[in-house]
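Subject: Structure handover

Hello,

Here is the structure for you to look over. My notes on it follow below.

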Amino acid sequence: MNLKNKKILVTGGSGFLGGHVIEKLRNFDVQILAPNHKELDLIREESCRHYLLNQKPDLVIHCAGAISGLLNILKNPADIFDNNLRINLNILKFSYKFGVEKLINIGSTCAYPGELPTGYFREEEFLNGPMHESVESYGFSKRAMYIGGKAYRQQFGFNSVTLLLTNMYGPRDVFSIERSHVVSALIKKFIDAKRKKEPSVEVLGTGKAIREFLYVEDAVDAIIKAAELYDEEMPLNVGTGVETPIAELAESIKEISNYPGKIKWNTKGPDGALRKVSDISRITNKLKWKPKYDLKAGLTKTIKWFENNYESAIAKI
Ligand SMILES: NC(=O)c1ccc[n+]([C@@H]2O[C@H](COP(=O)([O-])OP(=O)(O)OC[C@H]3O[C@@H](n4cnc5c(N)ncnc54)[C@H](OP(=O)(O)O)[C@@H]3O)[C@@H](O)[C@H]2O)c1
């Protein structure tokens, strides 16, 4: 899809990813629609129908979701299930109905099977097994979004594309205890310990679990490239493929934060699966995309932003 002069609806524009998508799209010759929650409440069928009927966007980049953070998912699984299914069904149905040319669904690697023999996410194995119990309600809504898009493609030829994003981090992430992800949670811990001059920071687990971390600007580049170039039913991983033990992540954050104290590993805490890393060969082949930021560069920008915006960052719940 050539984006020039297109009308693009970004859902979830007040959120972490959606905000960065909008910022990037401002460099393009496009019309951006970024309604707030009041102007477009995706849970309400009538609100969604009314907005899409009146605005008739060409492209929808669907970043909205009632989500974020493992603690939030564990505490409110029914809300997560109910709200996300409604949001995703509404955006799919009315995008198709009111002539949207293409819908980009922002999925998640959380929707992959919880037990993968290799520990690598490969698109052809996306539905090959149950999700990890801890993220089932959230993951199910993401799988449903993909399967719904596939059904609309088969029955109506609708161009619904699903991207499977890994753990992201960056400026304007969520830093609250309940909704933060591992990178933002650790950054907050180290910066708080530095501010309070605490001698050590406790981190849960052994540090041996291997994960990958994607800087938000890289994620945005992949999303825009997929909007331009990818029209297939098969979902596409958006990750780094770089294997990073949690211990390395914590040490890097400690160093970049200039925190002089020690890290105390609470080995009674859970490690989770040993390895969860995306195979990015498909996106590399299809879109010629690779992340530009390594962990150190991404963390440096994020930590600098967090320290400069501490009060507003911790106020966001
Ligand atoms: N962050 C990650 O590491 C990560 C990893 C993989 C995938 N993802 C996916 O990426 C997408 C964006 O995540 P994020 O981290 O940017 O989340 P976020 O910061 O929590 O943003 C969520 C956005 O959704 C909006 N929203 C929620 N309910 C809505 C409703 N009923 N109607 C309209 N808008 C609604 C929120 O608006 P209000 O603030 O006004 O409620 C907010 O703008 C999600 O689909 C998420 O599953 C994120």
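The residues of the shell around the ligand divide into 13 nonpolar, 10 polar and three charged. Please keep in mind that this is a predicted model.

Ligand site

There are 26 residues around the ligand, and those that come nearest are S14, L17, Y138, K142 and R179. By element, α1 (16-25), β4 (102-108) and α5 (136-156) each supply at least two residues of the shell. The element that gives the most is β4, with three residues.

- H37 places a polar side-chain atom 2.9 Å from an oxygen atom of the ligand.
- D41 has a polar side-chain atom 2.9 Å from a nitrogen atom of the ligand.
- L42 takes part through its backbone, with an N or O atom 2.9 Å from a nitrogen atom of the ligand.

As for cover, the ligand taken alone exposes 920 Å², and the protein buries 86% of that.

In soluble globular proteins, nonpolar side chains tend to be buried together. In this model the largest nonpolar core has 35 residues, and the ones with the most contacts inside it are L17, V21, I61, I104, L163, L165 and I223. At least two residues of this core come from each of β1 (7-11), α1, β3 (59-62), β4, β6 (160-165), α7 (216-229), β11 (236-238) and α9 (281-287). Which element gives the most to this core? That is α7, with eight residues.

Not counting residues up to four places away in sequence, L17 touches C63, I106, L165, M168, V216, A219, V220 and I223. Another core, of 27 residues, lies apart from the largest one, and its members include V183, V203, A250 and I253.

Helix α6

D192 has its place in helix α6 (residues 182-195). Is D192 buried or exposed? D192 counts as buried, because its relative accessibility is 11% and the cut-off for buried is under 20%. Between D192 and I104 there are 88 residues in sequence and 37 Å in space, C-alpha to C-alpha.

S184 is found in helix α6 as well. S184 has 1% relative accessibility and therefore counts as buried. Leaving aside neighbours within four places in sequence, S184 is in contact with D173, V174 and F175.

Positive phi

K56 has a phi near 45°, a positive value in a residue other than glycine. K56 is found in the loop between α2 (45-55) and β3, and at 44% relative accessibility K56 counts as partly exposed.

K288 has a phi near 55°, again a positive value in a residue other than glycine. The loop that holds K288 runs between α9 and α10 (295-308). With a relative accessible area of 64%, K288 is exposed, because exposed means over 50%.

Regards

How values were computed:
Residues numbered from 1 in each chain as written. Predicted model: local features only at pLDDT ≥ 70, side-chain atom pairs only at ≥ 80, totals over all residues. Heavy atoms only, no water. Near = heavy atom within 4 Å. Polar contact = N/O pair within 3.5 Å; in protein donor to acceptor, adjacent residues only side chain to side chain. Areas by Shrake-Rupley, 256 points an atom, 1.4 Å probe, with all protein chains shown as cover. Helix = DSSP H or I, 4+ residues; strand = E, 2+ residues; numbered from the N terminus. Nonpolar A, V, L, I, M, F, W, Y, C, P; charged D, E, K, R; others polar. Core = buried A, V, L, I, M, F, W, Y, C linked by side-chain atoms within 4.5 Å. Buried < 20%, exposed > 50% of the residue type's maximum accessible area, 1.4 Å probe, protein only. Contact = heavy atoms within 4.5 Å.
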